[in-house]
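Here is a short note for a colleague who is opening this structure for the first time. Please read the points in order, with the structure in view.

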Amino acid sequence: MLDTPWIIAWYIFLLAAVWMFQRLTQCLTRLNIFSLFVFFLVLRHGVTVPFDHTTNIWFAGIYVSDDALQHFYWALLLMYGGLLLGIFLGQYAFGSGKIDLRIFQAAMNARRLPGGVNWFVFVAVLAVVVGLIAATQLRTDVSLTDLLSGVFSSEEYRALRDDYGQATNFSNSWLLRFASIARFGLLPFLIYTLFFLKDRSWIWRAAFIFVTGLGLVVGVLSGEKSPALYLLIGLVVAFYLRKGWARLSPLDWRIWSLTALGLFAVLPYLYRLQYPTLGYEQVLQSALYRLTSEYNRSLQLYFEIYPNIQPHLYGLSSSLINSILGTNMPADMLPERFIPVYYLGPQYLHTWNAAYVGAAWADFGFIGIMLESIFVGLLLQGYAHWFSRARKTALVMGLQVTLMMAVTKLSEATFTASLLSFGLGSTFLLYLLLKSYSIKPQVLRQAIYENFANRS
């Protein structure tokens with residue numbers, strides 16, 4: 001734990017940063033793309049930061065030097081500052097991106113939203129994504145009821161999770177890489193779009209139930225807790241938006257009730273499945289630690305490893321960049337994999353992920369952190385501006401929920417992974433493919449008339 005003066009200084013800075021986020025984006029009073037982003041960023045790399053100073057020592061027995069810890073704190077300051085600067089520049093370049101609540105609520109009051117979808121392409125993409133996930137990600141070696149009933153010991157549960165992770169690892173083949181993108185990035189977009197389409201007919205309701213069920217089952221069977229929770233949180237956000245509840249309030253009992261349900265019931269239940277011998281208080285502590293301090297512990301090690309033990313990677317921390325450049329970078333050399341292997345050995349099969357600033361530091365140091373943070377702020381402000389002007393179709397609303405969820409991954413994964421694997425960029429490209437470009441006849445006639453008039 002830091003000394004008391006530094007703890008006070010950190011929370012003053014954190015409150016100032018949150019206040020600036022609110023001033024620029026209204027993220028605390030409007031449900032927008034910045035709301036969940038700021039919430040998870042502060043939860044993972046804000047609330048417990050002063051108390052995580054020695055977490056690596058007591059949790060993992062890993063010593064982190066004073067220089068690395070200083071770099072860690074400076075990185076967080078640059079991260080928050082760069083994000084705010086990027087949002088400010090984005091508002092100057094694009095506009096405020098704030099929606100009119102009355103107009104938005106009027107649009108959501110419609111019994112069914114306009115689709116805004118190229119139906120043939122949408123159904124074709126839906127079939128391909130569902131088929132790819134069912135063929136490569138749906139395991140058959142264990143039953144769903146066994147996993148949910150808690151019959152496995154901790155060792156058996158871990159073994160099942162390790163086996164699944166090794167079998168579906170994206171580095172094994174290009175097919176599994178596409179399947180990973182489809183599962184974590186594209187499937188949520190399709191599910192949330194189907195949520196806004198389900199009021200059109202029983203066919204769309206059935207499709208929504210089936211595809212959502214597939215996503216939840218695959219998430220639970222993987223042995224990981226976050227994929228199913230990710231989909232469920234997104235559905236809650238979609239429900240809020242469909243009701244037109246875009247206004248947020250600290251006194252909203254619905255938000256507090258859902259938060260309490262997830263924190264004190266759902267998360268402890270999921271942790272109890274993995275650690276059946278632990279009591280309720282222990283699994284609750286484990287859940288709270290995993291939501292907060294674990295991300296800081298992992299991020300600290302990036303500053304310990306780079307560039308003291310490993311040199312800066314200059315962009316090669318991303319498997320996406322390596323694929324584009326044709327660089328033969330082994331998966332075990334990527335930071336999220338190299339760091340745990342360095343400390344625990346190759347027998348450890350998982351990764352230690354950190355916020356996007358970890359990979360930015362591993363690549364280019366403080367300059368990488370600042371530039372990447374500014375770009376993230378610009379990108380999110382660009383998305384906010386797009387949504388404020390877009391017609392509120394089912395496809396647009398599905399994409400908005402997807403982007404709101406994808407930005408939460410920036411506080412636990414690399415920027416390129418968030419763009420591709422978790423849909424922050426890939427789903428917007430898919431939206432452009434799925435979008436209906438039909439033009440009303442009178443609009444087409446007017447365009448033709450104006451064209452001839454200009455020529456004459």
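1. Start with K409 and E412. Both residues are buried. They form a salt bridge, and the closest N and O atoms are 3.3 Å apart. Keep in mind that the model is predicted.

2. E412 has another partner. It also forms a salt bridge with R44, with 3.1 Å between the closest N and O atoms. R44 is buried, as is E412. Taken together, R44, K409 and E412 are linked in a network of salt bridges.

3. Side chains of opposite charge can pair when their charged atoms come close. How many salt bridges does a search of the whole structure find? The count is 8. One of them joins R297 and E294, at 3.0 Å from N to O. Both residues lie in helix α14 (residues 293–305). They are 3 residues apart, about one turn of the helix. R297 has a relative accessible area of 1%, so it is buried. E294 counts as buried too, because its relative accessibility is 12% and the cut-off for buried is under 20%.

4. I57, W58, F59 and Y63 make a nonpolar patch of about 490 Å². I57 is found in helix α3 (residues 55–60). Is I57 buried, exposed or partly exposed? It is partly exposed, at 45% relative accessible area. F59 is likewise partly exposed, with 44% relative accessibility. W58 has 54%, and over 50% counts as exposed, so W58 is exposed.

5. A pair of aromatic rings is described by the distance of the centres and the angle of the planes. The count for this model comes to 31 aromatic pairs.

6. Y342 and Y343 give another example. Their ring centres are 5.0 Å apart. The planes stand at 85 degrees, so this pair is edge-to-face as well. Y342 is partly exposed, with a relative accessibility of 42%. Y343 is partly exposed at 25%.

7. Ring pairs can also join into a group. Which residues do they link into a cluster? They are F104, Y383, W386, F387, F428 and Y431.

8. Finally, the whole chain. Its secondary structure comes to 21 helices and 0 strands. The C-alpha trace spans about 75 × 50 × 50 Å along its principal axes. The radius of gyration is 23 Å. A compact globule of 456 residues would have a value near 23 Å, so the chain agrees with that expectation.

9. Buried residues make up 52% of the 456 residues. Among contacts with a separation of 6 or more, 77% are between residues 24 or more positions apart. The accessible surface of the chain is about 21,900 Å², and 66% of this belongs to carbon and sulfur atoms.

Technical notes:
Residues are numbered from 1 along each chain as its sequence is written. This is a predicted model: local features need pLDDT of at least 70, side-chain atom pairs count only at pLDDT 80 or more; totals for chains, interfaces and linings use all residues. Side-chain values use heavy atoms; hydrogens and water are left out. Patches are made of residues with over 30% relative accessible area and no salt bridge: like charges are joined within 9 Å, nonpolar side chains (Val, Leu, Ile, Met, Phe, Trp, Tyr) within 5 Å. Accessible areas come from the Shrake-Rupley method with a 1.4 Å probe; for residues, only the protein chains shown count as cover. A salt bridge is a side-chain nitrogen of Lys or Arg within 4 Å of a carboxyl oxygen of Asp or Glu. Helices (H or I, at least four residues) and strands (E, at least two) are DSSP runs, numbered from the N terminus. Buried means under 20% relative accessible area, exposed over 50%, partly exposed in between (1.4 Å probe, protein chains only). The radius of gyration is taken over C-alpha atoms; the globule rule is 2.2 Å times the number of residues to the power 0.38. Contact means heavy atoms within 4.5 Å. Rings of Phe, Tyr and Trp (its six-membered ring) pair if their centres lie within 6.5 Å; planes under 30 degrees apart count as stacked, over 60 as edge-to-face and the rest as tilted.
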